[in-house]
Amino acid sequence: MTDVAALRANVLRRVWWLLQAVICTWLSWQAVLIRWNLGHNLPLDGYRSTRNLFDDWLLIQYAQLERHFHPVTAWDKAFALAKTMSFPYFLNAIRDQGIPYRTAFTGLYVIGAFVATFGLWRLWRRLTRIPSRKADARGVRGWRPPVWFWHLAFLFLLFSPTAFEDVSGIRIYREALLPPIVMLLAGLAMAFAAGFLPRARSPFDRRWWVLSWRFGQWVARWALQVALGLALGAVWAFFWFIKESSIWLAPMAGAALLVSVVGILCTAFVRDGRHIVVRLVAVIAALAIVATPLVVFDKSDKAYRQVNVDNYGVSIASSRTEGEIAGFFQRLYNIRSKDRTIKQWAPSSVIERVYEISPTLQSKPALLWYMYEEGFLGSGSWDGTATKDMGVWAVHWDIASLRLFRNQKETQRFFHKVNQEIDAAHLPQQTKGFSPSASLGPLTLDQIWSMSPSFQTSANSVLYWDGYTINKPSKYVCSTDPGDDASLTRRKLAKRCATVDKTIGEKLPTSVKDPTVKRQRPYVAQARRIIEGYQAYAPTLVNLGIAALVASLLLMLAWPLRRVSRDWNRRGMALWGLFLSFGVCAVALILATAWITYPTSDDLMHLHSKLYTVGITPLVQILEIAACLFLLQSVVETAKLVWRSYLKWLTVSMAESPVLCRPVEIEWPAVEPETPDSPAHPHGPRKVSKNKARKNHHHHPKR
């Protein structure tokens with residue numbers, strides 16, 4: 001009867017789980033359809049795409065690969081390598097496949113949210129499979145979150161406000177790809193690292209169907225690891241060339257590879273009955289799979305640079321952060337000068353000093369004159385308001401305006417000679433200050449502390465969605481009205497709008513009276529409500545995350561609680577691991593954003609904070625999901641501890657109660673001891689010889 005009841009309970013539990021899974025899957029699919037419809041009816045920013053010459057419009061021109069790889073004008077030649085090419089390649093790929101931009105963009109968010117949820121699910125599940133000396137109360141299975149929680153986490157990532165925001169989601173620009181690609185990377189990294197964690201092995205079984213089933217599981221598990229490794233390397237290579245500052249996410253990738261190697265070594269030293277040669281071969285094979293993402297990334301990097309070598313004669317990815325022009329400014333930033341400020345990293349006194357010691361630079365006097373007189377984008381002269389890293393842009397502008405060089409190879413050769421002359425002069429170097437990158441000017445501690453408003457603005461944007469909004473559809477119209485800009489004409493703007501339409505595979509409205517603008521208004525209102533909902537609940541989620549981190553830290557310090565549920569403690573340590581790896585990435589990017597934020601106005605600082613830190617928001621969302629998971633398990637485990645303590649107290653109280661447990665005296669009949677003269681032994685005690693006693697005695701080995 002007990003076995004039948006246990007079987008009935010197990011069947012009912014599985015039926016209930018299957019029912020939840022079916023209902024939640026259907027609801028999630030309906031949410032995906034809603035998100036798909038919303039993504040296809042939101043406006044796209046055609047205004048910025050045709051007006052921002054060195055941001056949106058520059059990448060639209062990059063997507064015309066034939067013109068980009070064979071530049072004709074001096075402007076195309078000078079700015080051909082100013083920015084990296086992942087976004088233009090993405091635009092060109094979806095155009096060749098006939099996929100509209102909205103479809104590809106929305107599909108990226110759906111795939112990114114699913115992969116991120118899958119990665120966290122696999123990591124949370126594999127943490128319970130790690131073998132330990134003392135199993136949990138429910139065996140190796142451990143506590144598992146309910147089915148509905150994972151579907152809710154998927155929807156939380158799917159409807160992220162970054163897809164609807166004014167400067168990151170609506171613009172046809174490279175920052176729009178950062179959130180879904182970061183979701184993909186985080187999910188792949190977690191799933192990849194989870195596959196190498198130690199796992200409890202089932203006892204050996206010689207039956208052929210059991211061996212066949214386990215062999216199929218082994219093949220599927222390692223095939224999944226290889227696929228995850230290939231995907232992780234490919235997505236990481238694509239992310240690396242979205243922006244020039246993609247190194248900020250390297251700590252997360254490094255942490256995933258480190259956890260994988262540690263898991264492999266821990267598995268190798270476990271004595272599980274396998275021969276040492278078998279274990280050695282398994283370790284080598286596993287380490288080879290761990291190296292798969294690195295190999296894929298290396299091959300992709302070489303292929304990307306080879307394309308630039310074939311078309312431009314140089315192997316640099318971006319002339320603003322690599323190559324000789326970037327090296328020229330890196331030297332300027334480190335030459336000692338009293339005129340250097342937090343806004344001006346390369347003052348005019350440094351330029352004049354370099355000009356005096358460089359014959360090569362003196363051979364192009366027009367370049368120095370143009371730096372002083374023309375400036376960049378109307379920002380005034382070099383000695384006036386050309387600030388921070390804008391000097392790199394200014395040199396590209398000057399080279400294009402003066403038509404000094406015929407191609408990128410000549411430009412790099414010229415600045416290579418200038419850099420050699422600067423190094424040979426041994427100019428006094430800056431000794432004070434710190435810089436997180438050679439492409440940034442060094443700042444002192446006081447100057448870094450003065451950037452705290454920018455740092456706080458970026459943190460609020462990342463944690464609380466501060467400043468996230470979406471404008472009316474009429475603001476995004478690809479207008480052909482030049483307005484006050486004398487350099488533009490209606491014909492030129494119409495031609496640019498046609499180029500944008502051809503690139504994204506969609507027709508953008510060119511007038512406010514277009515019926516498309518009116519049809520988009522209710523969807524913009526719906527997106528605005530979604531953003532406001534996330535902003536309303538953001539403080540609660542941040543507080544829950546802090547509470548989960550504190551609770552997991554107390555759990556790691558409380559030894560008795562750790563022994564109660566090792567599964568609980570492992571997940572607390574995993575939460576801290578995610579927090580540290582994601583936190584280092586976030587701090588690095590926020591610090592770099594504060595380093596280059598142009599402090600001309602509060603509105604511009606908010607704009608740059610949202611634009612440059614949009615890639616951190618998926619990491620914050622994943623951390624909040626993990627924190628809620630840990631708190632939910634903490635509630636369950638605490639309830640178990642309280643219930644067990646109550647049962648223990650109740651049992652002791654009942655046992656000691658004089659009412660419930662009265663002492664009972666039982667009169668047992670007296671038993672007479674047997675004697676040798678008793679009838680049971682008519683012949684007296686039996687005698688056994690010494691040899692026979694020694695023969696019947698068995699020696700048991702010590703255990």
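**Helix packing and burial, asked and answered**

Biologist: Where shall we start?
Modeller: With α14 (residues 323-333) and α19 (residues 408-425), whose axes come within 8 Å and cross at roughly 30 degrees. Axes here are lines fitted to C-alpha atoms, for helices over the stretch in contact, and angles run from 0 to 180 degrees between N-to-C directions. Helices are DSSP runs of H or I with at least four residues, strands are E runs of at least two, and both are numbered from the N terminus. Mind you, this is a predicted model: local features need pLDDT of at least 70, side-chain atom pairs count only at pLDDT 80 or more, and totals for chains, interfaces and linings use all residues. Residues are numbered from 1 along each chain as its sequence is written, and side-chain values use heavy atoms, with hydrogens and water left out.

Biologist: Why are α14 and α19 called roughly parallel?
Modeller: Angles under 35 degrees count as roughly parallel, over 145 as roughly antiparallel, 65 to 115 as roughly perpendicular and the rest as oblique. The crossing is at roughly 30 degrees, so α14 and α19 are roughly parallel to each other.

Biologist: Which residues of α14 meet α19?
Modeller: Contact means heavy atoms within 4.5 Å. Among those in α14 are Ile325, Phe328 and Arg331, and α19 brings residues including Phe415, Val418 and Ile422. The contact divides into 5 nonpolar, 6 polar and 3 charged residues.

Biologist: What makes up the contact of α6 with α7?
Modeller: Helix α6 (residues 86-96) packs on helix α7 (residues 101-126) at about 115 degrees, axes 10 Å apart. Phe87, Phe90, Leu91 and Ile94 of α6 touch Tyr101, Ala104 and Leu108 of α7. That gives 7 nonpolar, no polar and no charged residues.

Biologist: Why does Arg496 count as buried?
Modeller: Buried means under 20% relative accessible area, exposed over 50%, partly exposed in between (1.4 Å probe, protein chains only). Arg496 has 11% relative accessibility, so Arg496 counts as buried. Arg496 is found in helix α22 (residues 490-504). Beyond its neighbours within four places in sequence, Arg496 is in contact with Thr50, Leu53, Trp57 and Leu488.

Biologist: How many residues reach a pLDDT of 70 or more, as a percentage?
Modeller: pLDDT is the predictor's confidence in each residue, from 0 to 100. The figure is 86% of the residues, with a chain mean of 83. Over residues 698-703, though, pLDDT stays under 50, and the model has 0 contacts there beyond four places in sequence.

Definitions and conventions: Ala, Val, Leu, Ile, Met, Phe, Trp, Tyr, Cys and Pro count as nonpolar, Asp, Glu, Lys and Arg as charged, and the others, Gly among them, as polar.
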